[in-house]
Amino acid sequence: MAPPAVAQTQTTTVEFSGTVDPTGEIRSVTDGTMTYTIDSQTGGFFNYGSPARVVVNVNNPSTWLVTITPPASFTTKPETFTGAATFFYRYALSGANTASTSSDLQIPTQFPLANSGETTVEIQSKALPQNPQSQPFTAGNYTLRLTVTISPTAGGATGIIGPTGTP
């Protein structure tokens, strides 16, 4: 008869895998306001009021951008206002990513999101009549929309914020 087999220790490995998709999302949008200010030179204009806020979150830094695009015209305005306006904005980013300006901007601005996590984008807006003596802002409600876009190298998600004001 043969002796019984001796038990031997055996080892193997198992692997676990998972994927983190390069996601970015707009988590919340809060509209802002503009304040009507009477001015002896312009007759009146919409000045910076309470900021609009857009909270964005990204989990794959350095591949996402935030773009702020100003409006070309009012979204709503009284029928009695037949003129044109010039629009300005200021921004401040806080949280995972930071940036800000105190300058009045009129062109789109883009920021890389270098850090993962939540970033709050605050934007203030103002509007001046282009021809204040002949076509001042008339009484009524005005609304304008700035567009905030978060995007990877292609595509993206858009949130619209709408400051409003009444002279």
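Student: Which residues does T109 touch, not counting residues up to four places away in sequence?

Tutor: T109 touches V66, T67, I68, Y89 and Y91. These count as contacts because a contact means heavy atoms within 4.5 Å. This is a predicted model, where local features need pLDDT of at least 70, side-chain atom pairs count only at pLDDT 80 or more, and totals for chains, interfaces and linings use all residues. Residues are numbered from 1 along each chain as its sequence is written, and side-chain values use heavy atoms, with hydrogens and water left out.

Student: Why is T109 called buried?

Tutor: Buried means under 20% relative accessible area, exposed over 50%, and partly exposed in between (1.4 Å probe, protein chains only). T109 has 16% relative accessibility, so T109 counts as buried. T109 sits in strand β8 (residues 109-113); a strand is a DSSP run of E with at least two residues, numbered from the N terminus.

Student: What makes R145 partly exposed?

Tutor: Its relative accessibility is 46%, so R145 counts as partly exposed. R145 lies in the loop between β10 (142-143) and β11 (146-151).

Student: What makes a group of residues a nonpolar core?

Tutor: The members are buried Ala, Val, Leu, Ile, Met, Phe, Trp, Tyr and Cys residues joined through side-chain atoms within 4.5 Å. Here the largest such core has 27 residues, and V66, I68, F74, Y91, I123 and F137 have the most contacts inside it. Strand β6 gives the most to this core, with 5 residues.

Student: Which residues does Y91 contact, leaving aside neighbours within four places in sequence?

Tutor: Among them are I68, L105, T109, F111 and I123.

How values were computed. Helix = DSSP H or I, 4+ residues; strand = E, 2+ residues; numbered from the N terminus.
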